[in-house]
Amino acid sequence: MDIKPEKLEAELKRLEEMSVYEKEYEKYGYVCGIDEAGRGPLAGPVVAAAVILPKDEKILFVNDSKKLSEKKREALFEEIKTKAVSYGIGIVDHNIIDEMNILQATYEAMRIAVSKLNPEPDVCLNDAVTIPDLNRLQVPIIKGDAKSVSIAAASILAKVTRDRLMKGLAEDYPEYGFEKHKGYGTKAHMDAIRQHGPSPVHRKTFLKNIETDK
């Protein structure tokens, strides 16, 4: 990547500022960041990712996934997977979300993601939550995806994974436009639900107050 020296210096400084928590807790061993994508949508799974980043190598431009373009997220997705010490992705589908509620389903996706890490993490940096039944030192950080490089990396893995899954579901259920809104409650999505009724991948517990023509 061809990057001007002053821009590289600014980027390395930004990453250093986003590595404060990693440096604080690395004395305990392996530090992972955890984040999720898909708590709010009306359809599809919730996805969580856990990432242990290398101490000796910076992945340039890692940031909160919401601040990145789709093209940049896709590129960083591959780079993070290649350079991470370890990463894990947990996926919990719409049926389980309806069964246990979205918060518990999110926790389950996070536990699955952490269980896939090898080596196992000693410290978990979480985006704003404490995960039940996870026997690790946990550090909940408000707006952690903007403050921790590990959580930011996890946010990218979770977001890209979920977006790809929703694009796949769009091929199965083209009338809902999942490839555009990824299941979020946009006007076009709400109109499609009213016209066609819910699809098999909609979260029924999220649609209780929506009247449909079906």
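Predicted model: local features only at pLDDT ≥ 70, side-chain atom pairs only at ≥ 80, totals over all residues.
**View 1. The five-stranded sheet.** Here's the open sheet, with its 5 strands in the order β3-β2-β1-β4-β5 and mixed pairing. On average, neighbouring strands are turned by 20 degrees against each other, direction ignored. Zoom in on β1 and β2 and you'll find an antiparallel pair held over 5 bridges; Asp35, for instance, has Ala49 of β2 as its bridge partner.

View 2. At its start, a side-chain oxygen of Asn101 comes to within 3.1 Å of the backbone nitrogen of Leu103. The buried residues of α5 include Ile102, Tyr107, Met110, Arg111 and Val114, and the buried set packs against β1 (31-37), β2 (46-52), β3 (86-92) and α4 (94-100). The helix lies across β1, β2 and β3, at about 150 degrees to β3.

**View 3. Helix α7 and the largest nonpolar core.** α7 lies across β1, β2, β3, β4 (123-127) and β5, running at about 35 degrees to β1. The largest nonpolar core counts 26 residues, with Val51, Val62, Leu76, Ile80 and Ile156 making the most contacts inside it. Two or more residues each come from β2, α3 (70-83) and α7 (149-172), and the largest share, 8 residues, is from α7. Apart from this core sits another, of 20 residues, among them Ile34, Ile52, Val129 and Leu134.

**View 4. Around Val51.** Beyond its neighbours within four places in sequence, Val51 is in contact with residues including Val31, Ile80, Tyr87, Ala153 and Leu157.

Conventions
Residues numbered from 1 in each chain as written. Heavy atoms only, no water. Buried < 20%, exposed > 50% of the residue type's maximum accessible area, 1.4 Å probe, protein only. Helix = DSSP H or I, 4+ residues; strand = E, 2+ residues; numbered from the N terminus. Contact = heavy atoms within 4.5 Å. Polar contact = N/O pair within 3.5 Å; in protein donor to acceptor, adjacent residues only side chain to side chain. Core = buried A, V, L, I, M, F, W, Y, C linked by side-chain atoms within 4.5 Å. Pairing = 2+ DSSP bridges. Axes fitted to C-alpha atoms, helices over the stretch in contact; angles between N-to-C directions.
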